[in-house]
Amino acid sequence: MSTYNIGTYLAHRLEQIGIKRYFAVPGDFNLVLLDQFLKSDKLELVGCCNELNAGYAADGYARARGAAAVVFTYTVGGLSAINAVCGSYAEDLPVIAISGGPNTNDAPEGNYLHHTTGELDFRQQPRCFEHVTAEVQIIKTVKDAPRQIDHAIRTALTKRKPVYIEIACNIAAAEVPAPGPLELEHRRSSDPASLAAAVEAAAKMINGAVKPALVGGVKMRPYAATEEFQQLAEKAACAVAVMPNAKGMFPENHAQFIGTYWGQVSSPGCSEVIESCDCYLFAGPTFNDYTTVGYTTAINPAKLIHAGVDQVTLPGHTFHEVMLPDFLAALAEVIQPNDASLVAYQRIHEDSIPFQIGDREDALTRQALMAQVQGLLDANSALVVETGDSWFNGQKLTLPNGCLYEFQMQYGSIGWSTGAVLGMAMGVGPERRVVAMIGDGSFQLTAQEISTMIRYETNPIIFLLNNRGYTIEVEIHDGPYNNIKNWEYAQLVEVFNAGEGNGWSTKVTTAGELEAAIEKAKSHDGVAFIECTLDRDDCSKELLQWGSRVATANGRPPKSA
C-alpha cells in the first residue's frame, strides 16, 4: 500500500506477527474498520456465528499459529466475546481482541448510545477487559494510534496474554504514517546471579538424590521451554512425566517417558514412581484443584523443585528473575545422570492395551470408540478434546510423534472446543487434520460454528459423544440440572450444509458402524461429523475418582475465624 490508515496499519501489523485469518462478527461500530481490513490481500476474514464462538476460534488459532485476532462491536459484541478472551488469558494465549468504539464526539457531547447499558459511561467495556487482558488501548486520536497499536501487540507477544484494542468508529479510515519494522521486545533475561544460585541449589538437590524424576507442566509451551526440558531430561536419564495439561509437550515414544502425572488418576505406574521419588523437578506446572485432583496429590514440598516461568522455588529458598528456559538449559550442563526412577517404573510397569474394540456387532462403548480414535491418529493429526470425560480418555491415547494435542484445562469452559476446532483447522492448514472429541452437553452451547467450518471448507473429523447429559458434572455433583434435551446431532450437518456445503455426517450405534464411518471420514474432503451413541454411565474410572475428589474440595466447610 502507498498510504495507510489506522485500520490498514493494524491489519499490516497482524500480518507481520504471522496472522493470516481473523475471526469477526460485524456490528455498526466496527464496519468501517472491517472495510480497511478487507483491503489486505494477506488477511482473510472468517465470519463467525457469534462473538463468543469467534473468541473460541481465535483461541484455537493462537494455539496453532502463536497469535490470533478477533474483531467485535462495542459492548454488545465485546461482552459476549469476553468469556473466550478470559479463557485465552488463563491459557497464556496472545489473542488480539479488537473492538470498534464510539464516535470520538459522543463522550464530550454526552450522547447516550445503543448497544450499551444506557448510561454515560464510555469505559464500561474497557474496564471489563482490563481484568482479562495484559493491556487495554483505547484509540481516540489519529496521531497516537500507531504507537498504541504497536505497544499492545508487543505486550501480547512478550507476555503471552490477550490484549484489547478499541478504535473509535469515525477514525478507523484516518490516514497515518506507513508502518516500519515491528521491533519486538526481547525475551526477559534472567538475573545472572539468581540464575547461578538457583542452578547450584537445584543441582545439589537432584545430584544428591537417590531417585530423582522430572515432570513437565503446561507453562513450558508459552514460555518456549519444551526443547530445554527435553535436553535436561536426556542429560538426567531419569523418569519423565507430564502433567495432564502438558500432554504432547514431551515425546510419548521417548524411552524415558512414563506417562501423565495426575495424582490418583495418573497413567498406570506413573504416580507410584513420581510420588516415591526423593526429589522431583516440576517445570512450568499449574497446581490448581483440577490438576491436583482436589488438592489430593501426594507431592511433598520438602522434595519439590518448582521451576516457574520466572522464579525457582526449593525447600526454604526462592530465586527470583530466573527464566524457565534459561534455568533448564543451565541445569542440564551440571546435572548428573541417574536412572533409578526409570528403572523403578520399568520394574512395575506392565504393557497393556488401554482400549479394546470388542465385538463389532455390540452396542458402541467408550472403550471401542477410543480404540478406533487411537488408530486414526498419526503424525499429521491435531487432537482437540472438550472438557469432560474426553479429558481422561484423551490422556490414555498415545500420541504419535508430531501429533498435536489441545484442551482447555485451566479455564475449562464447556463449548470451547467447537470454536477452537474451527480456529485450529484454519491455523494448522491442510497439511494436518484436526480430530475432535466433544460431549453432547458442551456441543449444545456452540453447535452453530459447524456451519462456519462448512462455509470455509475446513475438514475436521468430529466425534460427538452422545451420552445425554453433562457427565462430568454428574460425577462431581448429580442433579436433574445435568439432564439435557437430546438432539438429532448428525442431522444438523445437513441443516448447516443448506444444499451447498460439503459437510458429511452419520450416527453410529455399534463398533462396526463406527469403523465404517471412520473409513468414510478419512476419505471425505470436508467436515466429517460422527455422532456416537453411548450409555449415560459409560465413563472412565478416572472421571469417577477425579469427580469425587473435586466435589470433596468444593464442599470443604468454612474455617472458623
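Strand β19 (residues 461-466) runs parallel to β21, and 6 bridges join the two; here strands are DSSP runs of E with at least two residues, helices are runs of H or I with at least four, both numbered from the N terminus, and two strands pair if DSSP finds at least two bridges between them. In this pairing Ile-461 stands opposite Ala-528 of β21. The model is a predicted one, in which local features need pLDDT of at least 70 and side-chain atom pairs count only at pLDDT 80 or more, while totals for chains, interfaces and linings use all residues. Residues are numbered from 1 along each chain as its sequence is written, and side-chain values use heavy atoms, with hydrogens and water left out.

Strand β21 (residues 528-533) also pairs in the parallel sense with β20 (residues 504-508), over 5 bridges, and Thr-506 stands opposite Ile-530 there. Together with helix α20 (residues 511-523), β20 and β21 make a β-α-β unit that is right-handed, meaning that, with the strands pointing away from the viewer, the path from the first strand over the helix to the second runs clockwise. Of the 6 residues of β21, 5 are buried, that is, under 20% relative accessible area with a 1.4 Å probe and protein chains only.

Another part of the model is an open sheet of 6 strands, paired in parallel in the order β3-β2-β4-β5-β7-β6. Because β3 (44-47) and β6 (136-139) stand at the edges with a single partner strand each, one side of each is left without a neighbour in the sheet. From one strand to the next the twist averages 25°, angles being taken from 0 to 180 degrees between N-to-C directions of axes fitted to C-alpha atoms, for helices over the stretch in contact. Strand β2 (residues 21-24) is joined to β3 by 4 bridges, with Arg-21 opposite Glu-44.

Since Phe-23 lies in β2 and Tyr-61 in helix α3 (residues 51-65), the pair ties together parts that are 38 residues apart in sequence. Both Phe-23 and Tyr-61 are buried.

How values were computed:
Buried < 20%, exposed > 50% of the residue type's maximum accessible area, 1.4 Å probe, protein only.
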